[in-house]
Amino acid sequence: AALVNWNTYFALLVRDCHWSPAAATSAAFISILLATAAGCMVVTSRLANFYYAAVIIWALTAIKSYTRNNLKEKDGGTDDVAMGAIAVTADIGAKLVALAMLFTGLLYINFYYMNMV
């Protein structure tokens with residue numbers, strides 16, 4: 001949820017505090033990349049906590065749908081390319097964390113059944 005709030009905060013900084021769109025876009029990309037890395041690290045670590053990764057997938061998916069909905073409401077402009085790139089990056093990040101969850105889950109299942117024999 002903090003990831004969604006940070007990206008909303010960056011968007012509000014552009015509108016209210018006259019931040020440059022490039023600075024807000026860069027901050028959004030950095031937060032998405034950090035969330036993706038954290039999600040992959042949490043799920044593939046020794047703890048293999050799938051709940052944290054699922055929340056990160058939810059947050060990245062929320063960012064993707066929020067930016068896509070904003071793109072549908074706008075009628076063109078220079079920010080559309082950046083917003084589209086943010087949506088695609090969030091989508092790829094969510095898929096990477098989901099793949100890490102799947103791969104780690106399969107490894108644990110395989111390890112569990114190998115040790116039962």
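## Terms and model

Helices (H or I, at least four residues) are DSSP runs, numbered from the N terminus. The model is predicted, so local features need pLDDT of at least 70 and side-chain atom pairs count only at pLDDT 80 or more, while totals for chains, interfaces and linings use all residues. Residues are numbered from 1 along each chain as its sequence is written, and side-chain values use heavy atoms, with hydrogens and water left out.

## Salt bridges

There are two salt bridges, each defined as a side-chain nitrogen of Lys or Arg within 4 Å of a carboxyl oxygen of Asp or Glu. In one, K64 pairs with D91, with the closest N and O atoms 3.6 Å apart. This pair links distant parts of the chain, since K64 is in helix α3 (residues 50–73) and D91 in helix α4, 27 residues apart.

D91 also meets K95 in a salt bridge, at 3.3 Å from N to O. Both K95 and D91 lie in helix α4, four residues apart, about one turn of the helix.

## Buried and exposed

Buried means under 20% relative accessible area, exposed over 50%, and partly exposed in between (1.4 Å probe, protein chains only). D91 counts as buried because its relative accessibility is 17%, whereas K95 counts as exposed at 51%. K64 is buried as well.

## Helix α2

Helix α2 (residues 21–44) has 24 residues. Its span from first C-alpha to last is 35 Å, close to the 34 Å expected, where the expected value is 1.5 Å times one less than the number of residues. Its buried residues include A24, S31, G39 and V43.

Technical notes: Helices (H or I, at least four residues) and strands (E, at least two) are DSSP runs, numbered from the N terminus.
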